[in-house]
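Subject: Structure handover

Hello,

Here is the structure I said I would pass on. Please open it alongside this message; my notes follow below.

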Amino acid sequence: MNYLEMKHIKKHFDELEVLKDISLNVREGQVVAIIGPSGSGKSTLLRCATMLEKIDDGELSYLGERAAYSQNGEAVYEAPGKLKQLKSYYGLVFQNFNLFPHYSVMKNICDAPIRVQKREKKEVQEQAKVLLKKMGLEDKADAYPYQLSGGQQQRVSIARALCMNPKILFFDEPTSALDPQLTGEILKVIKDLAAEHMTMVIVTHEMNFARNVADHIVFMENGVIVKEGAPEELFTSDNQRIKEFLGKFQD
């Protein structure tokens with residue numbers, strides 16, 4: 001089953017066309033890595049998929065339910081009630097953690113499930129404790145973001161996303177703000193989630209990670225998908241542009 005379907009998505013900012021007729025499917029349990037040079041439209045694609053940016057054209061669906069579509073050249077989004085339901089299908093982990101600085105770790109994780117999903121506080125807190133233990137942060141529940149390393153903050157942000165029980169988890173360059181040691185911490189967490197068959201879409205510049213963890217890789221450049229397929233298909237491609245791009249990481 002396709003958890004996410006993007007059909008002929010287009011997005012521009014003023015005169016700049018950032019996404020040019022993008023179509024992408026993500027199946028249940030699939031780990032999709034999106035790679036490509038800076039400015040290729042990777043993060044914009046993620047922001048359109050999660051409706052942080054309005055698409056200009058195309059169709060966006062979650063679990064077979066349409067969230068946005070084009071009508072007479074204008075993007076139309078579903079009614080607020082249904083859109084809220086569709087947004088609950090996914091979680092998003094940002095580059096720069098986006099934790100609330102005045103909230104404790106526990107409150108950062110529990111706030112949205114309690115306030116947005118209207119779940120019982122005790123149930124959410126129990127789930128949060130399990131997630132913190134999973135992230136190796138069981139002793140940080142009462143800490144505040146400023147008391148944590150970058151890697152710890154990013155693990156909290158992953159726990160926060162997971163506590164919403166999403167069907168699909170999006171990562172936008174989750175290690176770009178971290179040094180190499182902390183990067184390893186986060187990549188291990190994502191690798192463990194992949195082993196548990198969590199459906200994920202990951203924009204990343206970590207090529208070895210993409211090759212070893214993803215089961216489908218998308219190479220983007222200039223707002224289009226140049227090639228997509230299994231990792232070995234991409235990493236052994238004869239496409240000159242892909243070879244040049246990957247060569248920069250192998251030197």
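**Helices and sheet**

Helix 2 (residues 80–87) lies across strand 4, strand 5 and strand 6, at about 120 degrees to strand 5. Helices (H or I, at least four residues) and strands (E, at least two) are DSSP runs, numbered from the N terminus. Axes are lines fitted to C-alpha atoms, for helices over the stretch in contact (heavy atoms within 4.5 Å), and angles run from 0 to 180 degrees between N-to-C directions.

This is a predicted model: local features need pLDDT of at least 70, side-chain atom pairs count only at pLDDT 80 or more, and totals for chains, interfaces and linings use all residues. Residues are numbered from 1 along each chain as its sequence is written, and side-chain values use heavy atoms, with hydrogens and water left out.

Helix 1 (residues 42–49) lies across strand 1 (2–13), strand 2 and strand 4, and runs at about 120 degrees to strand 1.

The open sheet has five strands in the order 2-1-4-5-6, with antiparallel pairing; two strands pair if DSSP finds at least two bridges between them. Strand 2 (16–27) and strand 6 (74–77) are at the edges with a single partner strand each, so one side of each has no neighbour in the sheet. From one strand to the next, the twist averages 15 degrees.

Strand 1 is joined to strand 2 by eight bridges, and lysine 11 has leucine 19 in strand 2 as its bridge partner. These two strands form a hairpin with two residues between them. In the turn, aspartate 14 has a positive phi of about 55 degrees.

Four bridges join strand 4 (residues 57–62) to strand 5 (residues 65–71). Glutamate 59 has tyrosine 69 in strand 5 as its bridge partner.

Regards
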